[in-house]
Amino acid sequence: MTMARRKPSRAAAAKPARGSAPAPRPRRPPPRHPLLIVDGDSFAHRAYHALPKTILRHGGKPGGAIVGFANFLLRLYESERPRAVLVGWDTLAAPTWRHAAFPAYQSGRHFDDALVEQLELLPRFVSACGFATAKAAGYEADDFLAAAVAAEERHGGIAVVASGDRDAFQLASAATTILHPVRAGEMARIGPMEVRARYGVEPRQVPDFIALRGDPSDKLPGARGVGPAGAAALLKRYGSLDAALAAGRFPHEAEMLRLYRRMATMDAAAPLPPLADQTPSWGNAAALAREWALNRLAERLDKLAEGGG
């Protein structure tokens, strides 16, 4: 009579035979490098107002915004070591749908001619570094940030978004960190937990929060009599602006509040350039800086080129 052979237990099957080499440990995946996404206008404005107007480039033209933004971008690159960089820009000469829908939007803003002229040059510097730029009529820099985050997360990547605009907090997630300036040379790292601590809402609720609270910098008035604490309390109770309106809140302001929410929502459908991995071309950027007679910046870029950093 033939006896049925018993299958070895899982533990026994997993145990290597005596004298055999132990099974190799699974390798840890290499650390992922993020896509670095930068609000170009935000930091160019900061650089222009932070640095002395005595910084000049070739022909005696102003160069402070270029130098300040370039140094900021290089510091970011060195600290984050991204796989690629995208810098988004506003198109100042072309209004967006937001301006058409709400004429008071961002009204009263005035930019010095010296700043505007440098803003036109900065995308050229970014491209010389080997990085990507995004700029198109009808879109704001914010929209490109959202589109790039959506694309990177869709492909399983991670992102770091540098912006001085708190609207960007809506992009915070497990895969995306916001770098927000808090004082000279210091950036706060903002994730979902920090958004909750600051505003009392989830990142996805930030556009609803802005619609209810308002945004003085963009001239969005918000709901009458509602401040930050009130907006957070409403969203905690109802979950969303739509739910609050459906419950009968703000019946005479509903249409405008929905518009404010739409205006505060970054457009993830904005057009993007290819965002494949990049190798910086510091030598090209140094040549451009030298063409502009920004020699100290050129020297810094030359050192990066020599070091292969």
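**A loop, a sheet and a helix pair**

Reply: Threonine 91 is found in the loop between strand 4 and helix 4 (97-101). Keep in mind that this is a predicted model.

Me: Is threonine 91 buried or exposed?

Reply: Buried. The relative accessible area of threonine 91 is 19%, and the cut-off for buried is under 20%.

Me: Which residues is threonine 91 in contact with, leaving aside neighbours within four places in sequence?

Reply: Lys135, Ala136, Ala137 and Tyr139.

Me: And how far apart are the C-alpha atoms of threonine 91 and aspartate 41?

Reply: They are separated by 9.6 Å. Along the chain, the two residues are 50 residues apart.

Me: OK, sheet next. What is the strand order?

Reply: The order is 5-4-1-6-7-8. These six strands make an open sheet with mixed pairing.

Me: Which strands stand at the edges?

Reply: Strand 5 (132-134) and strand 8 (186-190). Each has a single partner strand, so one side of each has no neighbour in the sheet. From one strand to the next, the twist averages 25°.

Me: In what sense do strand 6 and strand 7 pair?

Reply: Parallel, over four bridges. Strand 6 covers residues 159-162 and strand 7 covers residues 176-183. Valine 161 stands opposite isoleucine 178 in strand 7.

Me: Which strands does helix 3 lie across?

Reply: Strand 1 (35-39), strand 4 (84-88), strand 6, strand 7 and strand 8. Helix 3 spans residues 64-80 and runs at about 155° to strand 1.

Me: What about helix 7, which strands is that one touching?

Reply: Strand 7 and strand 8. Helix 7 (residues 192-199) packs on the sheet, and its direction makes about 100° with that of strand 8.

Me: Switching topic. How do helix 12 and helix 13 cross?

Reply: At roughly 165°, with the axes coming within 8 Å. Helix 12 is residues 282-291 and helix 13 is residues 295-307. That angle is over 145 degrees, so helix 12 is roughly antiparallel to helix 13. The crossing is left-handed.

Me: Which residues meet there?

Reply: From helix 12, Trp282, Gly283, Ala285, Ala286, Ala289 and Arg290. From helix 13, Asn295, Leu297, Ala298, Glu299, Leu301, Asp302, Leu304 and Ala305.

Me: How many of the residues in that contact are nonpolar, polar and charged?

Reply: Nine nonpolar, two polar and three charged.

Terms used: Residues are numbered from 1 along each chain as its sequence is written. This is a predicted model: local features need pLDDT of at least 70, side-chain atom pairs count only at pLDDT 80 or more; totals for chains, interfaces and linings use all residues. Side-chain values use heavy atoms; hydrogens and water are left out. Two strands pair if DSSP finds at least two bridges between them. Helices (H or I, at least four residues) and strands (E, at least two) are DSSP runs, numbered from the N terminus. Axes are lines fitted to C-alpha atoms, for helices over the stretch in contact, and angles run from 0 to 180 degrees between N-to-C directions. Contact means heavy atoms within 4.5 Å. Angles under 35 degrees count as roughly parallel, over 145 as roughly antiparallel, 65 to 115 as roughly perpendicular and the rest as oblique. A crossing is left-handed if the near helix is turned anticlockwise from the far one by less than a right angle, and right-handed if clockwise. Ala, Val, Leu, Ile, Met, Phe, Trp, Tyr, Cys and Pro count as nonpolar, Asp, Glu, Lys and Arg as charged, and the others, Gly among them, as polar. Buried means under 20% relative accessible area, exposed over 50%, partly exposed in between (1.4 Å probe, protein chains only).
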